[in-house]
Amino acid sequence: MYDRNPTLESLERRIDESRQGEVYLKGEELSSGRFFYIESYGCQMNFSDSEIVASVLAAEGYAPTRDLAKAELIFINTCSIREKAEETVRKRLRIFDQLKQQRPGLLVGVLGCMAERLKKKFLEEEKLVDLVVGPDAYRDLPKLVRQAEEGHRAINVFLSREETYADISPLRLDESGVSAFISIMRGCDNMCSFCVVPFTRGRERSRDPFTVVAEAADLFEKGYREVTLLGQNVDSYHWKNPETGEQVNFARLLAMVAEVHSDLRVRFSTSHPKDMTDEVLETMAKYENICKYIHLPVQSGNSRILALMNRTYDRTWYEERIRAIRRIVPDCAISTDIICGFCSETEEEHRDTLSMMRWANFSMAYMFYYSERPGTLAARKLKDDVPLEVKKRRLQEVIALQNEISLAHNQADVGKTFKVLIEGDSKRSTDDFKGRNSQNKMIVFPKKPGLKPGDYVFVQIEEATSATLRGFIASP
Ligand code: SAH
Ligand code: SF4
Ligand code: F3S
């Protein structure tokens, strides 16, 4: 789900890829001549929020552009999850500042988690930016832009208990037209000791399920064939109708979205081991179009470290949840997040993480070394005492092991046939399509005439690497 320690270059490439498209061209044609440029970092929630921002700005007559030279407004939607994520943003801000020197009147705005974390420090210390807008204040953007245009400092970092942007129809910035994100909740009420998200995103709140279903139905009408329901902890989704008292939990919401159309694939992220219920698993098993894939961050395989992380489950609990997945949704792939070198982690405890990975047989993992974040419980109460070289070495061991496990996991698919949703051309060749199976594995295969992105095909797997499967169309 997340952009994990990406290099600036890979980020730029991805931003570039995601900026090429019809939506932009259409927007540019329709525009009255005022353009904004937006770049997003961090998790899918941020990418999804940028589409809310785009929608708010479009209503003011601004069209999105991917050409920096055309833009009057530059926005950077930022992430604070690790120090490196913030460094990347600061580098970009320095580049934008050079543009500002050359083009007076150009405005630069910082959005998202770093805006929320640093607040007015951004305006005072950095002097690089004109607007600072937190994740719950995007409705206020038109006013803030006007303030900045008049030369005033523009800032709104108010965190709301209610805002879900439920009534704002996102302006899709991704060109694929096949797969879209839908935010179902915002914020996080957990207090994992390493994590900055509760501070940058505020309290957890769930969005009206009927607006979620309406958005999914609208996307399906427009030709989309996959939606990913987003939240920091989707399993704690909970909505209560203020008038009737009717309640909707995550399992119910999943079923509601799955029923929009059997050709609409439904994915979700992220699940929390402490909250993932059998009811959700049973709903997954019941609907063919709910993808058989769960991202279930374990963080560590050692119960003492899990307690220090305040994850509120231990290794035995996590193992039991994996057994439940295997029992109820036998063909489900499971991926995870891992943090290496958390405060006081010993070699033996690190080896518990390695053994957990082998046991769970994760199809994929996002792996990091611990980065202390100011203000978090761990920063205040625990010592960041694992030396950087040890953290890095442990991370290398974790990555090497996961590569081995992913390769074996993928090789076990050789000879099998999967239903694949075509997403577009493969990165390497326009003769090949790429798409995913239900288990979220990327599959590349030669094109056949008459097929297009958004179509489903059955692909038989011939070859596997640790990252991709390759095959041929067995039947359309
Ligand atoms: N809500 C999700 C995760 C959000 S952050 C969940 O609870 O699982 C995404 C991932 O970043 C986390 O799962 C964790 O592995 C990693 N992460 C968060 N804070 C971190 C930190 N301070 N240092 C290193 N990795 C961190
Ligand atoms: Fe952070 Fe924990 Fe909330 Fe995930 S569940 S966003 S790791 S506090
Ligand atoms: Fe980063 Fe904020 Fe997401 S800190 S991971 S962009 S919620």
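Biologist: By class, how does the shell around ligand 3 divide into nonpolar, polar and charged residues?

Modeller: Bear in mind that this is a predicted model. The shell around ligand 3 has eleven residues, and Cys-43, Cys-79, Ser-80, Cys-113 and Gln-232 come nearest. By class, the shell holds six nonpolar, four polar and one charged.

Biologist: Between which domains does ligand 3 lie?

Modeller: The domain assignment gives domain 1 (8-156), domain 2 (176-291), domain 3 (293-412) and domain 4 (417-475). Two of these give residues to the shell around ligand 3, so the ligand lies between domain 1 and domain 2.

Biologist: Which space does ligand 3 take?

Modeller: The model has three cavities of 30 Å³ or more. Ligand 3 takes the largest cavity.

Biologist: Where does ligand 2 sit?

Modeller: Start with its surroundings: Cys-188, Asn-190, Cys-192, Phe-194, Cys-195, Val-197, Pro-198, Gln-232, His-272 and Arg-311. Phe-194, Cys-195, Val-197 and Gln-232 are also among the residues nearest the centre of the largest cavity. Ligand 2 sits in the largest cavity.

Biologist: How many residues around ligand 2 are nonpolar, polar and charged?

Modeller: Cys and Pro count as nonpolar here. Cys-188, Cys-192, Cys-195 and Pro-198 are among the residues around ligand 2. The shell divides into six nonpolar, three polar and one charged.

Biologist: How many residues of each class line the largest cavity?

Modeller: The lining takes in 37 residues, with Ile-81 among those nearest the centre. By class, they are 17 nonpolar, 13 polar and seven charged.

Biologist: Which element gives the largest share of that lining?

Modeller: Helix 8 (197-201), strand 15 (333-340) and strand 16 (364-369) each supply at least two lining residues. The largest share is four residues, and it comes from helix 8.

Biologist: How many residues does each side give to the contact between domain 2 and domain 3?

Modeller: The C-alpha centres of domain 2 and domain 3 lie 24 Å apart. Their contact takes 23 residues from domain 2 and 31 residues from domain 3.

Biologist: Now the backbone. Which residues does a cis peptide bond join?

Modeller: Most peptide bonds are trans. Here one has an omega of about 10°. The cis bond joins Ser-269 and Thr-270.

Biologist: What is the phi of Ser-344?

Modeller: Most residues other than glycine have a negative phi. Ser-344 is in the loop between strand 15 and helix 14 (347-360). Its phi is positive, near 70°.

Terms used
Residues are numbered from 1 along each chain as its sequence is written. Chains are lettered from A and ligands numbered from 1 in the order in which they are written. This is a predicted model: local features need pLDDT of at least 70, side-chain atom pairs count only at pLDDT 80 or more; totals for chains, interfaces and linings use all residues. Side-chain values use heavy atoms; hydrogens and water are left out. On a 1 Å grid over the protein atoms alone, a cavity is a set of points where a 1.4 Å probe fits but cannot get out, and a pocket is an open set with protein on both sides within 12 Å along at least five of seven lines; lining residues have an atom within 4 Å of a point. Grid points are joined across faces, edges and corners, and a volume is the space filled by probe spheres set on the points. A residue is near a molecule or strand if one of its heavy atoms lies within 4 Å of it. A molecule sits in a cavity or pocket if more than half of its atoms lie within 2 Å of its grid points. Domain bounds come from an automatic or database domain assignment. Contact means heavy atoms within 4.5 Å.
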